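I opened this model to look up what surrounds two of its ligands. My notes follow.

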Amino acid sequence: MRAAALSVFYLIPVLLAAGPADYAGAEACRPCHTANFTSQSNTSHAHTLAPSSPAQRGDWAFGAGLQAITFVTKVNRESYREDGLTWYRSLNGYAITPGQHDEQGVVFRTFDPAARFLKCFACHSTGPLSLGKDEEIVPHELGVRCEVCHGPGAAHVSDPTHSPLHTPAQLTAGTMNRFCGKCHRTDSETGDELTDLRDFRNARDQPLRLAASNCFRRSNGRLNCLTCHSPHRQLDQNASSYDVRCQTCHANKVHRQQVAGLACVTCHMPRVPNGPYLSFANHRIAVYSKGNPILPVTAQAAQ
Ligand code: HEC
Ligand code: HEC
Ligand code: HEC
Ligand code: HEC
Ligand code: HEC
Ligand code: HEC
Ligand code: HEC
C-alpha cells in the first residue's frame, strides 16, 4: 500500500532526497531575507493551501482564490473527499467542482493507486508529507514557499556562507520548464501523455504550451518562465505590463492592423476557458483568430 504513496515523491524528486529536519520553513528566512520573505508571503503560491476557515466548507481550502477554492475533507481513517462545490471568483459564489458532475463530491482512499489526495497536498505544500493520527495527511509547511524552489534550507540557516543555497535562475530554459512543470504540468491533467495541443483542458499546462511556441523554440534558450514572472511576487494581472517582455525580442514588429493601445498578450496569449468559470492564458504564444484561442492560425492552416 505504501508503494502508492511513494509515487507522489516521484513527482517531486527534489523532496525525496531530504527529510523533514532538512527544511527550515519560510519563517526562518525572514530575518536575513526580509524583502523576499515579505513579498513572497503575499503570493498565491504562499496561500494555495490553508485549513478551511469557519465560514468555508470542509477541512482544507485548496487554491488561494485567484480563480477558485476547492475544499477537501477527511471522511474516515482511509479516505478523503473533494467537495462537489467549489468557490469561484468569476461567480463570487459556489458551483460544481471542475471534473465533477454533482454536489456529492468524490471520495478516494488516501493510498489508492492514483494517490490523488497525496498529490494534491504535495503540489500545494512545501517539504515532505507525513502521516498523523488516524492516517491524516500532514503537510510539512502550507503553500508553495522558499524551499520548493531553493531546496531544503536548514543547513543554510545555521551557516549561510558554508552551506549556500541555489536559485533556479541558472537553469536552462528546458530544465526550467520541467522544474516549474513538476507542479505546473508538462503533460495534460487528463493523464494521457499530452500531445494534443488542441485540447482545451491543457490550457493550464503552461510549461508544455510555452515549449510549443516559436518564441521558445527559436530563441536559443532565452525565453523561460522568469522572463515574464517574478518568483517572489504575485502574478501581474495588468496585461500591458508584459509588453516590455515581448519587446525585448520584438522591438520593431509592424502590424498590418491597428494594434496601438492594446496589450500584446490579449491577442497573442488569449485567455482560454477551462469549464464555465476558469480560464488560463494560452502560453503557446502565436497569432490567433477571434473565435479560436487554443489553436494558432498557422496550425489551423496546416491541417
Ligand atoms: C542568518 C542569515 C540567513 C538566513 C536565516 C538565511 N539566509 Fe539565505 N543567505 C544568507 C547570506 C549571508 C547569503 C549570501 C551567501 C553568500 O553569498 O556567500 C545568502 C544567500 C542565499 C541565497 C543565494 C542567493 C544567490 O544569489 O545565489 C538563497 C537562494 C538564499 N540565501 C535563500 C534562503 C532561504 C530560502 C532561507 C530560509 C530557508 C535563507 N536563505 C535563510 C543569509 C541567510
Ligand atoms: C510545488 C509545486 C509548485 C512549483 C514547483 C511551482 N509552482 Fe507555481 N503554483 C503552484 C500552485 C499550487 C499554484 C496555485 C496558486 C493558487 O492557489 O492560486 C501556483 C501558481 C503560480 C502562478 C500564478 C500566480 C499565482 O501566484 O497564483 C505563477 C505565475 C506560478 N505559479 C509560477 C511558477 C514558476 C515560474 C515556477 C518555477 C520557478 C513555479 N510556479 C513552481 C505550485 C507550484
Ligand atoms: C501536479 C501538481 C498538482 C496537483 C496534483 C494538484 N494541483 Fe491544484 N494546482 C496546481 C497548480 C500548478 C495550480 C495553479 C493553477 C494552474 O494550473 O495554472 C493549481 C491550482 C489549484 C486551484 C485553484 C483553481 C485552479 O484550478 O486554478 C485549486 C482549487 C486546486 N489547485 C485544487 C487542487 C486539488 C483539490 C487537488 C487534488 C484533487 C489538486 N489541486 C491537485 C498543481 C496541482
Ligand atoms: C517559485 C520559486 C521560488 C520561490 C517559492 C522562492 N524563490 Fe527565491 N528565487 C527564485 C528565483 C528563480 C531566484 C533568482 C532570482 C530572481 O529571478 O529573482 C530567486 C532568488 C532568491 C534570492 C537571491 C536573490 C535575491 O533576490 O536576493 C534569495 C535570497 C531568495 N530567492 C530567497 C527566497 C525566500 C526567502 C523565499 C521564501 C520566502 C523564496 N526565495 C521563495 C525562486 C523562488
Ligand atoms: C526571448 C525572445 C522572445 C520573447 C521574449 C518573445 N518572443 Fe515572440 N518570438 C521569438 C522568436 C525567436 C520567434 C520566431 C520568429 C521566427 O520564426 O521568425 C517568435 C515568434 C513570435 C510570433 C509568431 C508566432 C508563430 O507562430 O510563428 C508571435 C506572434 C510572437 N512571437 C509574439 C510574442 C509576444 C506577444 C511576446 C510577449 C508575450 C513574445 N513574442 C515574446 C522570440 C521571443
Ligand atoms: C512571455 C511571457 C510569459 C512567459 C514566458 C510565461 N508566462 Fe505565465 N503568464 C503570462 C501572462 C501574460 C499571464 C496572464 C496574466 C493575467 O492573468 O493577466 C500568465 C499567467 C500565468 C499563470 C496563471 C494562470 C494562467 O495560465 O493564466 C501561471 C500559473 C503561469 N503563468 C505560469 C507560467 C509558467 C510556469 C511559465 C514557464 C513555463 C510561464 N508562466 C511563462 C506570461 C508569461
Ligand atoms: C489586436 C491584436 C494584436 C495585438 C494587440 C498585437 N498583435 Fe501582433 N499580430 C496580430 C496579428 C493578427 C498578426 C498577424 C498579421 C500581422 O503580422 O499583422 C500579428 C503578428 C505578430 C508577429 C509576427 C508573426 C509572424 O508570423 O510573423 C509578431 C512578432 C507580433 N505580432 C508581436 C506583437 C507584439 C510584440 C505586440 C505588442 C507590442 C503585438 N504583437 C500586439 C495581432 C495583434
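I began at lysine 253. An N or O atom of its side chain is 3.0 Å from an oxygen atom of ligand 7. I count a polar contact as a pair of N or O atoms within 3.5 Å; within protein, one must be able to donate a hydrogen and the other to accept it, and residues adjacent in sequence count only if both atoms are side-chain atoms.

The model is predicted: local features need pLDDT of at least 70, side-chain atom pairs count only at pLDDT 80 or more, and totals for chains, interfaces and linings use all residues. Residues are numbered from 1 along each chain as its sequence is written, chains are lettered from A and ligands numbered from 1 in the order in which they are written, and side-chain values use heavy atoms, with hydrogens and water left out.

Next I checked arginine 256. Here a backbone N or O atom lies 2.9 Å from an oxygen atom of ligand 7. Histidine 268 has a side-chain N or O atom 2.7 Å from a nitrogen atom of ligand 7.

Then I looked up the iron. Which protein atoms are donors to the iron atom of ligand 7? They are NE2 of His255 and NE2 of His268, 1.9 to 2.0 Å from the iron. Donors are N, O and S atoms within 2.8 Å of the metal (3.2 Å for Na, K and Ca); water is not among the atoms, so sites may look incomplete. The iron site has 6 donor atoms, angles of 86 to 179°, and is octahedral. For six donors that word requires opposite donors over 155 degrees apart and all others between 65 and 115.

Histidine 255 sits in the loop between helix 11 (243–247) and helix 12 (264–268), and histidine 268 is in helix 12, 13 residues apart. Helices are DSSP runs (H or I, at least four residues), numbered from the N terminus.

I listed the shell of ligand 7. Helix 12 gives the most, with 3 residues.

Last, I turned to ligand 5. Its largest share, 3 residues, comes from helix 12. Arginine 218 has a side-chain N or O atom 2.5 Å from an oxygen atom of ligand 5.

Conventions
Four donors count as tetrahedral if all angles lie between 85 and 135 degrees; four count as square planar and six as octahedral if opposite donors are over 155 degrees apart and all others between 65 and 115; anything else is irregular. Helices (H or I, at least four residues) and strands (E, at least two) are DSSP runs, numbered from the N terminus.
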